Amino acid sequence: MITRTHLSILLFPLSMFLLSFWGWRIFENNLLVFLMSLILTVLFFLIIEKKSNFFLNATFLLLLIAIILITIPGRLNQYIWEKSDLDIITITAQRSYYPAFGSAFHNKYFLAANKYQQGLMSAIDVNYYFFASHPRERATIDDFEKFLPIFIPLLILGMIKVFKNIFSLIILLFVLALSPILDPRYYLGPVFIFPIFTAILAVGAKVLFDYIRTKRRKYL
Amino acid sequence: MIQRKKNLLLLTIIILLGAFLRFYQLGNIPPGAYIDEASQGYNAYTILLTGKDEWGESFPVFLRSFGTYPSPLNTYLLIIPIKIFGLSILTLRTPTAIIGILIMLLTYLLIYFSTKPRLSKPALFTTLVIAISPWAVLYSRLGMEVNLGLFLLLIGFVLSLFIEKKPWLFILIALSFAIATYAYTAERVMSVIFLAGIVYYFRKLLWENKKILAFGIILFSVLLLPQLFLLNTPGAIRRYSQQNFLNREFYNQNGKFQNIIFGEQLYYAREFASQYIAYFSPSNLFSNPDSQLSRSSPNLSVFYLWMIIPFFIGIPVLWKNRNIYFFKLVIFVTLTSLIPAAITRDPFYTSRILPFLWAISIIIGLGVTNIYERVQSKTLRVFGLFLILGWSLISLYSSYFVLMPHERSSEFGYQYKELTRILQNYKDQEIILNTDIEFPTYIMMAFYMKYDPVKMQSQTKNRLPEGYYNHVGFDEKYTLDNITITPDIWTLDKNKSQILVGTPVAISPSQAESHNLSPIFTIRGLDNQVLLEGFQTNP
């Protein structure tokens, strides 16, 4: 039975979702992804809060896979595997400096791994989410503001809870690991990260709310 | 006893490794003196020989240099090694390298003496992290003032460990922090913050020893007086006014929220928050190098990529041990040392945040210790250590010792070193050397030529009509013996036989042809790019 408590808990993910710039950008461009993100946000919130069950977990995973399959195919990051003209010039020059290591460092797998890790580092950059990558904006990429900077403390509080829940931690690491393979120029950004991030902020908001409420009860 | 000897042996090995990384090819890598190095070295040289800097000022509070007014302490300290060993790149960098080793030792002592019982593992691992970290190696190999500032702060931190038993040490802490304000610009702010933090933490103890507290604060204030008296001069706040974003002009050019009430304040708050948070970003700490080419090496950030794992593991370890004074200090340093850097416009400017990087190294060291203790198998421990050490050293070698000198030789004035050598063959000819606007080519040439300080001072004596600390402008035109340095080489006397030297942009092939110039030498960087070309005029 859905009680008033359940509804009040769901206010957190819903309000974080509606207060995000990212959510509205998705709404303007893709209503289906918007609706899927909304459901995923609520479900992941319940997972972190350990209020979900097998059915909800399965629904979450299916929806997550669906949103990944909608987003990634056709928008793979070619930059990881392809050598740009600059890459070729750089490699040719660097090979002449140290022939002994040249082939090791310029092996195509090593280069791809290096570009992948750069993409991964961008995905875990707080400024990417709260300041549109400012002050180290990326050239040729339309970085947009995703969340209000004032929510950064909520991210820290939410992350502490995520780290205490193995399943939610695995999900977070999984979506972060996927993000470098998406083309960074995609106008909606890594949308499969969006509901995960929003849910973490919602958890942080709930932690803060509970703390304030407990303090108030002590003083009243 | 055996354990102590083992720890001492391990510490010795780590220090030797750190020393090797700091001293190996120190005079040649980087392959030339950066402008700040050249300026400090040359000014130390002129003070040694004449008692005055290049502008004829005796022991200034802020060195005017080429209009940047850096802190003077490192320059004054360079006088001694230059007196003994002469003016050279190696002489400039040796004191900084020694300080880099002392920083490792101080860190070991700080961690070792802050724990009861004495824990050698976190102390050893953190010392190892600092020994091999790119930021520590890089800044120990640059003859600049930043390492000295960190060293003086660490002296204060070490002394603070013993203040409970010996309250009078507060006076030495205040002295150390006061001297640090003369070491580097960011330390002028950090020293005040850290001293205030120590006073607050030990407030009960210091309040019971009021005379010591008063003496320490008065000593600190008195030592800062020379700087405070100059605060209303453009020179004293030169770096601040050049770099900060807290001004209306910058806001009007770049600011968002221009049509919102309190928009300007919101903009500053957002800018500060973004700059501050950027320093904690894993991509900046472990992946992307500092964008300043002279303060980074290619493809290598301030820490190695693998350190991200012990970093995240070290954070809860640090938090759990926050009741220990030293770890409380590390948290305080981590959070507050970014304040001076976060009010500037430059993204992730590493030379302003050395105390922060030092604190992050401690967090990483704690994380490494935690991982090491969780791994039960001795074989796996040794294998893991060798693997990450090997990976780190190979990355450092390829990036710093191979790529950096090749790709960034022009950043370190390599072309001027070579030019000085080549121009020995043209001593009886008039040389016109092109310089970029607002680039102090003259100081590079003066450094490499060991130009007579008396002659330099006679040139500069009338160039500061508004006074030493008030005239912040910069005149690029100088004459060093037969070399005229000017941004405009085309206003030359066409009837004179001269040698023109400039970059391929300053003297393009079409210009060379139209002015009937004959090429006589080319200076290439270590990446084989043409940096300077010399042409003979044919009047």
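Predicted model: local features only at pLDDT ≥ 70, side-chain atom pairs only at ≥ 80, totals over all residues.
Q: Does Ser395(B) count as buried or exposed?
A: Ser395(B) has its place in helix 20 (residues 378-407) of chain B, where helices (H or I, at least four residues) and strands (E, at least two) are DSSP runs numbered from the N terminus. Buried means under 20% relative accessible area, exposed over 50% and partly exposed in between, with a 1.4 Å probe and protein chains only. Since its relative accessibility is 13%, Ser395(B) counts as buried.

Q: Which backbone oxygen does the side chain of Ser395(B) reach?
A: Residues are numbered from 1 along each chain as its sequence is written, and chains are lettered from A and ligands numbered from 1 in the order in which they are written. Contact means heavy atoms within 4.5 Å, and beyond its neighbours within four places in sequence, Ser395(B) is in contact with Leu300(B), Tyr304(B) and Tyr400(B). A polar contact is a pair of N or O atoms within 3.5 Å; within protein, one must be able to donate a hydrogen and the other to accept it, and residues adjacent in sequence count only if both atoms are side-chain atoms. At 2.9 Å, the side chain of Ser395(B) reaches the backbone oxygen of Trp391(B).

Q: Are the rings of Phe202(B) and Tyr325(B) stacked, edge-to-face or tilted?
A: Rings of Phe, Tyr and Trp (its six-membered ring) pair if their centres lie within 6.5 Å, and planes under 30 degrees apart count as stacked, over 60 as edge-to-face and the rest as tilted. Over all chains the structure holds 52 aromatic pairs. In the pair of Phe202(B) and Tyr325(B), the centres are 5.1 Å apart and the planes stand at 55 degrees, so the pair is tilted.

Q: How many residues apart are Phe202(B) and Tyr325(B)?
A: Phe202(B) counts as buried at 4% relative accessibility, and Tyr325(B) counts as buried at 13%. The pair links distant parts of the chain, with Phe202(B) in the loop between helix 9 (185-201) and helix 10 (203-208) of chain B, and Tyr325(B) in helix 17 (residues 325-336) of chain B, at a separation in residues of 123.

Q: What is the phi of Phe348(B), which is not a glycine?
A: Most residues other than glycine have a negative phi, and most peptide bonds are trans. Phe348(B) is in the loop between helix 18 (339-342) and helix 19 (354-374) of chain B, and it counts as buried at 1% relative accessibility. Its phi is positive, at about 50 degrees.

Q: Where does Pro135(A) lie?
A: The peptide bond from His134(A) to Pro135(A) is cis, with omega near 5 degrees. Ala132(A), with a positive phi near 50 degrees, is in the loop between helix 8 and helix 9 of chain A. Pro135(A) lies in the loop between helix 8 and helix 9 (152-163) of chain A.

Q: How many helices does the secondary structure of chain A come to?
A: Of the 220 residues of chain A, 46% count as buried, and the C-alpha atoms of this chain fill a box of roughly 75 × 40 × 30 Å along the principal axes. Chain A has zero strands, and its count of helices is eleven.

Q: What area is buried between chain A and chain B?
A: Buried area is the accessible area (1.4 Å probe) that two parts lose on being put together, summed over both. The contact takes 20 residues from chain A and 31 residues from chain B. Carbon and sulfur atoms give 65% of the area buried between the two chains, which is about 2,100 Å².

Q: Which residue of chain B does Glu145(A) meet in a salt bridge?
A: A salt bridge is a side-chain nitrogen of Lys or Arg within 4 Å of a carboxyl oxygen of Asp or Glu, and across the interface of chain A and chain B the rule finds one. At 2.5 Å, N to O, the side chain of Glu145(A) meets that of Arg270(B).

Notes:
Heavy atoms only, no water.
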